[in-house]
Amino acid sequence: MNHIELKVNGIRIARDVEDNLRLSDFLREDLQLTGTKEGCSVGECGACTVIMDGKSVCSCLLLAAQCNGAEVTTVEALYHDPVGKKLQNAFVRHGGVQCGFCTPGVLMSTKALLDENPSPSDDELKEALEGNLCRCTGYQPIITSIKAVLKA
């Protein structure tokens with residue numbers, strides 16, 4: 001067992017966790033933050049993307065114990081964030097959401113990019129989304145949704 005203390009969506013959390021507990025499982029099962037999805041379990045699909053200490057990361061690749069002292073933001077926090085809320089609304093308006101499975105990860109990758117660079121180029125935007133697989137939209141509605149927020 002490991003004792004961890006971290007901040008998740010602005011709330012301090014202290015827990016004892018098993019050595020092999022992944023961050024994605026900790027978020028979903030222990031904290032009931034089910035917006036973080038698990039797709040591939042090997043860091044290839046991006047559905048489990050969260051922001052940790054300002055960077056987008058695949059939560060399926062991290063052990064919860066590795067996050068001791070970190071600040072983690074999940075898709076649930078976007079509702080209360082002005083940019084996050086704009087992104088969510090734009091995805092709905094412009095068809096960036098279809099089945100919705102990839103959407104939390106795409107939103108978190110985009111939010112991490114915009115936090116670092118509020119005016120990304122098309123190439124920077126595409127690079128930020130490289131780790132997020134979407135099987136429904138063909139990516140154009142996702143890009144259109146993000147660009148709508150950038151124009152606003």
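Predicted model: local features only at pLDDT ≥ 70, side-chain atom pairs only at ≥ 80, totals over all residues.
Residues are numbered from 1 along each chain as its sequence is written, and side-chain values use heavy atoms, with hydrogens and water left out.

Let us start with the overall layout. The protein chain splits into domain 1 (2–74) and domain 2 (77–148), with bounds that come from an automatic or database domain assignment. Taken over C-alpha atoms, the centres of domain 1 and domain 2 are 20 Å apart.

How many residues of domain 1 are in contact with domain 2? There are 17, and they meet 13 residues of domain 2, where contact means heavy atoms within 4.5 Å. The size of an interface is often given as the accessible area lost when the parts come together. Here the buried area (the accessible area, with a 1.4 Å probe, that two parts lose on being put together, summed over both) is about 1100 Å², and carbon and sulfur atoms give 61% of it.

Five residue pairs are in polar contact across the interface of domain 1 and domain 2, both residues being at pLDDT 80 or more. A polar contact is a pair of N or O atoms within 3.5 Å; within protein, one must be able to donate a hydrogen and the other to accept it, and residues adjacent in sequence count only if both atoms are side-chain atoms. On the side of domain 1 that touches domain 2, strand E3 (49–52) and strand E4 (55–58) each supply at least two residues. E3 gives the largest share of that side, three residues. By residue class, the side of domain 1 that touches domain 2 has four nonpolar, nine polar and four charged residues. In this scheme Ala, Val, Leu, Ile, Met, Phe, Trp, Tyr, Cys and Pro are nonpolar, Asp, Glu, Lys and Arg are charged, and the others, Gly among them, are polar. Helices (H or I, at least four residues) and strands (E, at least two) are DSSP runs, numbered from the N terminus.

## Salt bridges

Side chains of opposite charge can pair when their charged atoms come close. The rule used here asks for a side-chain nitrogen of Lys or Arg within 4 Å of a carboxyl oxygen of Asp or Glu, and by this rule the count comes to six salt bridges. Between domain 1 and domain 2 the count is one salt bridge.

| Pair | N to O distance |
|---|---|
| Glu 116 and Lys 55 | 2.9 Å |
| Arg 22 and Glu 38 | 2.8 Å |
| Lys 111 and Asp 115 | 2.4 Å |
| Asp 122 and Lys 147 | 3.0 Å |

For accessibility, buried means under 20% relative accessible area, exposed over 50%, and partly exposed in between (1.4 Å probe, protein chains only).

Arg 22 forms a salt bridge with Glu 38. This pair links distant parts of the chain, 16 residues apart: Arg 22 is in the loop between E2 and H1, and Glu 38 in the loop between H1 and E3. Arg 22 is buried at 17% relative accessible area, whereas Glu 38 is partly exposed at 30%. Asp 25 joins Arg 22 and Glu 38 in a network of salt bridges.

Lys 111 and Asp 115 both sit in helix H3 (residues 103–116), four residues apart, about one turn of the helix. An α-helix has 3.6 residues a turn, so residues three or four places apart point the same way. Lys 111 is buried at 7%, while Asp 115 is partly exposed at 49%.

Asp 122 and Lys 147 meet in a salt bridge. They also link distant parts of the chain, 25 residues apart, with Asp 122 in helix H4 (residues 122–128) and Lys 147 in helix H5 (residues 140–151). Asp 122 is partly exposed at 40%, and Lys 147 is partly exposed at 28%.

The buried residues of H1 (23–30) are Leu 23, Ser 24, Asp 25, Phe 26 and Leu 27. They pack against E1, E2, E3 and strand E5 (71–73).

Most residues other than glycine have a negative phi. Gln 32, which follows H1, has a positive phi near 60 degrees. Is Gln 32 buried or exposed? Gln 32 is exposed, with a relative accessible area of 57%. Asn 9 is not a glycine either, yet has a positive phi of about 50 degrees. Asn 9 is in the loop between strand E1 (2–8) and strand E2 (11–17), and is partly exposed at 23%.
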